[in-house]
Amino acid sequence: MKSSGIALDWTQHLLALAVILSSLEGIVARARFPDQGLLSWRVSRLRSEQFVVGPRARVLSMLLDGRRIWILLGARAAAALCLVLTVAPLPSLIAAAVAVAASLVIHYAIPQGHDGSDQMTLIVLVALLIARLSPPDSVALTACLVFIAGQLALSYFASGVAKMFGSTWRRGTAVGSILATRTFGSGPVVRVLKRVPALAVAATYATVALEVAFPLTYLLPQQAMIVALASFLLFHLVVATTMGLNSFVPAFAACYPATLWVHSLIV
Amino acid sequence: MSAWDLVVVFAFALWGVAAVVAQVRPARRRLLRWWDRSAVGALLPTYTFFAPRPATNDQRLVVRHWREDEPTAWLEVIVTRPRSWLHLVWNPDKRQGKALSDLVRNIATAQPTIDELPLNNGYLMFLMVADKIPAPAGATHVQFALLESPGIGASTRTQARLVSRRHLLSANEPTGP
């Protein structure tokens with residue numbers, strides 16, 4: 001990655017795809033159920049008095065009541081589309097601000113139903129917003145990219161270490177057990193793993209090893225770093241295909257340009 | 001270095017340290033509980049991704065109606081659909097599915113008493129979904145249950161984690177004067 005500006009532009013494009021996907025899936029997921037099913041704001045707000053009465057409740061209701069959530073999700077998708085189409089500073093800044101505000105409202109008001117990709121998307125969106133507020137080639141812009149790269153390294157490393165504390169991960173049975181569920185698995189994959197049980201064991205240990213070893217990729221030469229990131233992208237694609245966790249692909253890939261750029265500063 | 005640069009570097013340094021602290025559960029509980037309750041709580045996630053104990057069971061929501069004292073058969077509310085190649089790029093079902101597992105976990109974490117249970121937010125959410133299922137003619141009440149079923153090939157059986165009370169269908173609730 002030659003310059004911080006190019007790294008930021010690529011981050012923006014990839015992140016925008018993650019936001020569009022999350023917004024459109026959020027709309028369709030809600031459309032399947034009356035009153036939006038398990039993602040209902042009408043019920044979710046009852047968890048605390050502050051969401052029922054007072055100024056905060058009024059603001060959130062204004063944004064989320066009834067069909068207004070469609071408008072909020074639509075506005076977020078439109079802002080993300082703008083982030084795909086242009087990297088001009090002012091439109092990018094406005095679009096990032098809209099996407100950050102809408103995402104924060106949704107995460108705060110309806111906390112259930114979000115996964116790690118939504119959290120990563122939100123964090124990188126905030127970093128992008130601050131980067132678009134910063135002058136080109138400034139220290140602040142560098143800090144934004146370093147932070148994005150750091151979040152990626154932390155997410156892989158922390159989840160790898162957390163897995164080492166789990167008995168099923170240590171025994172090598174975790175991936176096989178997860179893929180045997182209806183929620184995260186599929187019949188054909190289970191049949192393959194039954195025929196070749198070593199595959200599930202290898203996948204379990206490889207996942208932990210890959211995640212824990214991620215920070216070490218900063219020691220690699222440039223070409224090897226590109227291969228390493230391609231391997232992680234492949235990992236997310238396999239997870240998306242077998243487990244249905246598709247939104248991790250653009251959300252985590254959005255951190256790769258910043259990672260490559262930070263790596264180029266080190267090596 | 002401009003003032004803006006200083007502010008941004010300081011903010012990201014603070015956020016970065018907090019992000020590391022947030023990965024250690026005891027430290028998070030002690031130092032960041034106030035943050036988790038704030039409107040920006042989502043900015044400090046704990047990255048675990050199926051760790052340390054991955055979900056190896058499926059959570060399922062089933063509903064039945066009552067006509068006087070006669071229950072109908074339990075019907076499952078289909079939240080997620082079988083895996084397909086399309087899920088590589090498009091899988092909206094996972095969001096209601098994740099909400100289902102989040103709400104089940106929230107009920108388990110809150111450990112409400114029998115009296116508190118109907119006021120639990122997860123319970124209310126499941127009740128609302130159950131109440132919206134088209135009821136057979138003459139049905140007056142609705143009941144839901146949360147089941148935990150093992151993965152394919154597991155030796156354990158499906159177990160009920162929670163069976164709700166019978167609730168008057170909202171269509172049958174008395175209206176005000």
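This is a predicted model: local features need pLDDT of at least 70, side-chain atom pairs count only at pLDDT 80 or more; totals for chains, interfaces and linings use all residues.

A: Pro52(B) is found in the loop of chain B between helix H3 (33-36) and strand S1 (57-67). The peptide bond that leads from Ala51(B) to Pro52(B) is cis, with omega near -10°. Phe50(B) lies in this loop between H3 and S1 of chain B as well, and although Phe50(B) is not a glycine, it has a positive phi of about 70°. With a relative accessibility of 23%, Phe50(B) counts as partly exposed, because the buried class is kept for residues under 20%.

Over all chains the structure holds 17 aromatic pairs.

Another tilted pair of chain B is formed by Phe126(B) and Phe144(B), at 6.0 Å centre to centre and with 50° between the planes. This pair links distant parts of the chain, since Phe126(B) is in helix H5 (residues 121-132) of chain B and Phe144(B) is in strand S4 (residues 141-150) of chain B, 18 residues apart. Both Phe126(B) and Phe144(B) are buried. A ring can also have a charged residue over it: Arg166(B) lies over the face of Trp66(B), at 3.8 Å from the ring centre, and in chain A the charged end of Lys163(A) sits over the ring of Trp169(A), 5.2 Å from its centre.

A positive phi turns up elsewhere in chain B, at Gln111(B), a residue other than glycine whose phi is near 45°. Gln111(B) lies in the loop between helix H4 (93-110) and H5 of chain B, and with a relative accessible area of 65% Gln111(B) is exposed.

In total, 83 residues of chain A are in contact with 62 residues of chain B, and the two chains bury about 6,100 Å² between them, 68% of it on carbon and sulfur atoms. On the side of chain A, Arg32(A), Leu38(A) and Arg182(A) lose the most area to chain B, together 12% of what that side buries.

Two residues of chain A show what such contacts look like in detail. Ser247(A) has its place in the loop between H12 and helix H13 (248-253) of chain A, and at 2% relative accessibility Ser247(A) counts as buried. Leaving out residues up to four places away in sequence, Ser247(A) touches Leu21(A), Asp115(A) and Ser117(A), and from chain B it touches Lys94(B) and Arg95(B). Thr242(A), in turn, has its place in helix H12 of chain A and counts as buried at 18% relative accessibility. With residues up to four places away again not counted, the residues that Thr242(A) touches include Leu179(A), Phe184(A), Val189(A) and Arg83(B).

Val189(A) brings in helix H10 (residues 187-195) of chain A, where Val189(A), Val190(A) and Leu193(A) are buried. Seen down the axis of H10(A), these buried residues fall within an arc of 100°, so they line one face of the helix. The face of H10(A) turned away from that buried side carries the exposed residues Arg191(A), Lys194(A) and Arg195(A). The buried residues of H10(A) pack against helix H9 (174-179), helix H11 (197-213) and helix H12 (222-243) of chain A, and H12 is the helix that holds Thr242(A).

Conventions
Residues are numbered from 1 along each chain as its sequence is written. Chains are lettered from A and ligands numbered from 1 in the order in which they are written. Side-chain values use heavy atoms; hydrogens and water are left out. Rings of Phe, Tyr and Trp (its six-membered ring) pair if their centres lie within 6.5 Å; planes under 30 degrees apart count as stacked, over 60 as edge-to-face and the rest as tilted. Helices (H or I, at least four residues) and strands (E, at least two) are DSSP runs, numbered from the N terminus. Buried means under 20% relative accessible area, exposed over 50%, partly exposed in between (1.4 Å probe, protein chains only). A charge sits over a ring if NZ of Lys or CZ of Arg is within 6 Å of the ring centre and within 35 degrees of the ring normal. The arc is that of the directions from the helix axis to the C-beta atoms. Contact means heavy atoms within 4.5 Å. Buried area is the accessible area (1.4 Å probe) that two parts lose on being put together, summed over both.
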